[in-house]
Amino acid sequence: MAKQPRTTLAALDIGTSKIVCLIANIDTKGTLQVVGIGHQESKGIKAGVITNVTDAENAIRNAVSAAEQMAGVNVDRVIVNISGAKQKSHFLHVAIPINPNQEINTRDIDRLIDEGCHHIATDDREIIHCIALDYTLNDNQGIDDPKGMFGAKLGANLHIVSGCATTIINLTNCLARCHLDVESYVCSAYASGWSILTEDEKNLGVILIDFGSSNTAVASFKGGHFAYTHTIGMGGMHITNDIALGLSTQIESAERIKTLYGSLFTSSGDGKDIIDVPHVGEHGTTDTGHIQRSELVDIIKPRIEEIIEMLQKQTQNANLSSMGASIVICGGSSQLTGMKEYLSHHFDKPVRIGTPTMLAGLAESTKGPSFATSIGMLEYGLDHYLKHQVGLGNHRFNVNQTMLSLARWFKENF
């Protein structure tokens with residue numbers, strides 16, 4: 001197979017329940033054409049943390065290999081999502097002196113943002129994103145883009161997202177064992193925003209809730225920027241586990257029941273709506289029990305209420321209510337019947353289920369909200385590619401040099 005050309009992007013969505021690899025070509029018009037799709041059950045990974053390197057390596061290799069076979073190229077670098085990893089938002093204002101006799105250029109902005117990163121980077125925290133929400137120039141505030149202007153003091157209000165350094169280094173190590181370089185790390189909720197949010201929503205203010213398998217991430221966008229993020233350690237797998245325990249069935253059966261019949265509301269017809277529940281008895285024998293749909297609602301609803309309570313607390317602490325006029329949801333559990341209405345009631349905001357961008361070449365099975373992160377990473381990568389082509393740069397696309405050195409060492413020795 002051919003080596004991965006520079007006009008090809010590969011996104012690797014590493015989750016607790018699934019690993020997805022998408023490979024896309026960038027055409028001459030600057031649009032994406034998906035040419036390879038790999039989908040694999042996730043193993044050795046939980047809540048964004050590597051729990052078994054060998055299992056994780058095998059699962060990643062299988063997903064990437066399937067996409068490579070379909071695309072007819074060998075992938076050596078990928079955009080990778082970060083979920084969990086104790087993500088944290090930091091906010092600070094930094095300022096640096098600049099030459100008042102020269103136009104402000106990309107190098108000045110690079111130096112400014114590097115200065116901000118130095119304030120946050122520590123041995124136990126790894127910077128994932130460093131985003132300028134707006135700039136200041138001398139005494140002037142609220143500047144969107146200072147390039148081409150003149151001044152003596154350039155400042156910026158920064159949103160910096162950091163994650164657990166150990167978690168990210170271990171993930172980098174695992175990818176290096178798969179002979180993959182990390183082109184960029186991107187927060188899952190931020191990536192999802194690229195694929196499901198409209199420009200109006202990002203400009204006016206919106207809260208995004210991404211229901212993952214082990215985590216639920218909340219993010220806000222305002223003024224066109226990624227303005228805040230936080231992750232709680234509870235997601236769709238916890239609902240599945242509750243169903244399995246409550247109905248004395250296997251995880252696989254519980255997941256199927258949740259997907260087909262999961263709901264947050266009861267109706268007058270639920271008493272007549274009977275659900276078959278497989279039970280595994282002694283010596284591997286199988287029989288089938290029966291429950292009413294209302295009983296399933298009684299199992300699902302308390303866990304959803306717990307997740308919503310944690311999200312409400314976080315949005316209040318971060319004062320997100322003032323940052324978002326509406327809510328957009330994605331991820332597997334966003335598709336539970338009644339989830340949209342339930343969240344709208346609790347947050348007193350309009351809620352919609354996010355539908356990812358329709359990229360050319362995508363299979364029908366990958367067009368739902370469960371694939372918002374995978375598709376969003378390609379959109380994120382395309383934005384970087386196009387900006388790089390015109391020399392604008394992109395600080396959110398950097399990977400720590402220590403991690404790159406570590407990755408190269410593993411690739412050379414394994």
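1. In strand β12, H159 is the bridge partner of I131. The two residues belong to a pairing of β10 with β12 (residues 153-164), in which 11 bridges join antiparallel strands. Strands are DSSP runs (E, at least two residues), as helices are (H or I, at least four), and both are numbered from the N terminus; two strands pair if DSSP finds at least two bridges between them.

2. On the basis of the note: this is a predicted model, in which local features need pLDDT of at least 70 and side-chain atom pairs count only at pLDDT 80 or more, while totals for chains, interfaces and linings use all residues. Residues are numbered from 1 along each chain as its sequence is written, and side-chain values use heavy atoms, with hydrogens and water left out.

3. Strand β10 (residues 125-137) also pairs with β11 (residues 140-143), antiparallel, through 2 bridges. Here I143 in β11 is the bridge partner of Y135. The two strands form a hairpin with 2 residues between them, and N138 in the turn has a positive phi of about 55°. Of the 13 residues of β10, 11 are buried (under 20% relative accessible area; exposed means over 50% and partly exposed in between, with a 1.4 Å probe and protein chains only).

4. An open sheet of 5 strands has mixed pairing and the order β4-β3-β2-β8-β13. Its edge strands, each pairing on one side only, are β4 (32-41) and β13 (181-187). From one strand to the next, the twist averages 20°. Within the sheet, β2 (residues 8-14) and β8 (residues 77-82) pair in the parallel sense over 2 bridges, and A11 has I79 in β8 as its bridge partner.

5. Helix α1 (residues 53-71) lies across β2, β3 (18-26) and β4, and runs at about 145° to β4. Axes are lines fitted to C-alpha atoms, for helices over the stretch in contact, and angles run from 0 to 180 degrees between N-to-C directions.

6. The largest nonpolar core has 65 residues, and L12, I14, I60, L175, L180, Y185 and L378 have the most contacts inside it. Such a core is a set of buried Ala, Val, Leu, Ile, Met, Phe, Trp, Tyr and Cys residues joined through side-chain atoms within 4.5 Å. Setting aside residues up to four places away in sequence, L175 touches L12, I14, I60, V80, L180, V182 and Y185, where contact means heavy atoms within 4.5 Å. A second, separate core of 33 residues includes Y228, I329, M339 and L343.

7. Which residue forms a salt bridge with E57, with the closest N and O atoms 3.0 Å apart? The partner is R61; E57 and R61 are 4 residues apart in helix α1, so about one helical turn separates them. A salt bridge is a side-chain nitrogen of Lys or Arg within 4 Å of a carboxyl oxygen of Asp or Glu, and the count comes to 11. E57 is buried at 12% relative accessible area, whereas R61 is partly exposed at 34%.

8. R177 also forms a salt bridge with E57, the closest N and O atoms being 3.1 Å apart. This pair links distant parts of the chain, as R177 in helix α3 (residues 165-177) and E57 in helix α1 are 120 residues apart. R177 is partly exposed, with a relative accessible area of 23%. Shared partners join E57, R61 and R177 into one salt-bridge network.
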